[in-house]
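Subject: A structure for you to look at

Hi,

Here is the structure I promised to pass on.

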Amino acid sequence: MEHRIVVLGAGYTGAVAAGRLARRLHREDVRITLVNPEPDFVERVRLHQLAAGQELRPRPLDAMFAGTGVAVKLAKVTAVDVDRRTVSVSATGAADAAEPEELEYDTLVYALGSGRHDGGVPGAAEHAHEVSSRPGALRLRDRLAALGPGRPVVVVGGGLTGLEAATEIAEARPDLDVSLAAGGGLGDWLSEKGRAHVRRTVDGLGVTVHEHAVVDAVEADRVTTADGRTVPADVTVWTTGFAVHPIALATALEVTDGGRIVVDATMRSVSHPDVYAVGDAATATGPGGKPLRMSCASGVPMAWQAADAIAARLAGTKVPRVPIRYFQQCISLGRKGGLIQFVTADDRAVDRVLTGRAAGFYKELICKGATWGVAHPTAGLPTRRRRVAQQRAGSPARARAAA
């Protein structure tokens with residue numbers, strides 16, 4: 001009997017995990033289903049480009065996974081029952097009128113990722129735009145296109161996403177009055193060289209920076225900071241962080257207060273051994289005992305680790321460990337430049353950076369490489385496949401739960 005593996009979410013981590021599992025396991029032994037509400041893979045790291053008016057190449061999931069043995073199911077996940085080992089889904093697209101469906105699994109890979117997080121700030125949900133999803137980026141693109149010259153745009157949040165959004169918009173629309181409201185100092189987590197380059201770049205693009213400006217209210221035409229500053233804004237872009245999909249919080253899985261699934265070093269749920277969680281949806285420990293940050297840089301190696309652990313446990317072989325560490329933070333600063341901030345294994349900035357066009361080219365290679373890895377899900381791995389060691393009477397995952 002086939003071992004049923006269901007992967008929830010086809011972002012970077014879910015797609016990588018599904019493809020790696022297909023490569024690692026014999027098709028005769030497993031049935032891999034990848035559930036996603038949209039038919040295309042979304043390059044989330046490029047959504048600020050989409051919002052600024054650029055077109056992104058469509059990448060249909062069906063084409064990406066053709067011939068791999070992975071079945072792509074277009075559906076929205078509505079519930080997960082980890083005791084019954086079922087996932088409730090509702091079809092999307094042309095089959096929207098179809099009845100809700102229940103998928104049974106023997107092993108679940110939870111990769112539903114994260115979305116906008118407004119922090120409960122009054123008016124943020126109603127008036128602010130986001131670039132954490134394709135629909136959100138498209139809405140922002142339309143709103144920006146409707147603005148006349150000189151109109152004010154405020155990007156709230158001085159992290160990686162905020163920097164990329166503000167510089168991309170300012171470069172694409174130099175006629176707009178773009179400002180950035182950062183809760184701390186501009187690039188205060190970067191090295192001195194990194195901070196200096198970011199400062200030169202945003203100044204050169206005409207972006208006004210409001211430092212130590214914690215926004216505590218958003219209205220249709222302005223934002224207000226905790227210290228009483230008012231910044232005019234025809235358009236507000238909210239980039240202060242991400243919140244995970246709420247479904248895990250409604251399950252019996254052990255999760256953090258924020259709803260992230262607690263996993264061990266192999267990305268296996270500490271409370272339910274049939275469940276693995278990867279990417280933003282999971283909380284895992286990295287170098288120095290620090291939690292891995294929400295990022296593609298964390299999520300992809302987490303997906304590798306989960307897929308390899310699942311394949312090894314099903315085959316009854318030694319579970320490999322994929323070292324997860326950081327090397328750099330890659331920041332695009334418009335299409336003409338960027339910043340590569342090199343970091344320690346636990347993500348602390350060192351006194352070494354790459355800047356300008358070379359950094360922009362480097363960042364572009366990183367983005368293309370990540371997408372190539374998703375678009376070629378079974379490429380680049382050893383050809384050996386593992387046979388499932390035990391066929392199930394109940395669930396082989398449960399039979400090896402103590403492994």
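Below are my notes on the sheets, the helices and the salt bridges.

A word on the basis: this is a predicted model, where local features need pLDDT of at least 70, side-chain atom pairs count only at pLDDT 80 or more, and totals for chains, interfaces and linings use all residues. Residues are numbered from 1 along each chain as its sequence is written, and side-chain values use heavy atoms, with hydrogens and water left out.

Let's begin with the sheets. Helices (H or I, at least four residues) and strands (E, at least two) are DSSP runs, numbered from the N terminus, and two strands pair if DSSP finds at least two bridges between them. Strand β6 (residues 107–110) runs parallel to β18, joined by 3 bridges, and Val109 stands opposite Tyr276 in β18.

Another open sheet has 5 strands, ordered β8-β15-β9-β10-β11, and its pairing is parallel. The strands at its edges are β8 (128–129) and β11 (208–210), each pairing on one side only. Helix α5 (residues 134–145) lies across β8, β9 (152–156) and β15 (235–238), running at about 155° to β15.

Now for the charges. Side chains of opposite charge can pair when their charged atoms come close. The whole structure has 26 salt bridges (a side-chain nitrogen of Lys or Arg within 4 Å of a carboxyl oxygen of Asp or Glu).

Which partners does Arg46 have? One is Glu43, at 3.0 Å from N to O; another is Glu364, with the closest N and O atoms 2.8 Å apart. Arg46 sits in the loop between β2 and α2 (47–51) and Glu364 in helix α9 (residues 356–375), 318 residues apart, so this pair links distant parts of the chain. Arg46 is buried, at 7% relative accessible area, while Glu364 is partly exposed, at 21% (buried means under 20%, exposed over 50%, partly exposed in between, with a 1.4 Å probe and protein chains only). Salt bridges with shared partners join Glu43, Arg46, Arg59, Glu168, Arg335 and Glu364 into one network.

Happy exploring!

Note on methods. Contact means heavy atoms within 4.5 Å. Axes are lines fitted to C-alpha atoms, for helices over the stretch in contact, and angles run from 0 to 180 degrees between N-to-C directions.
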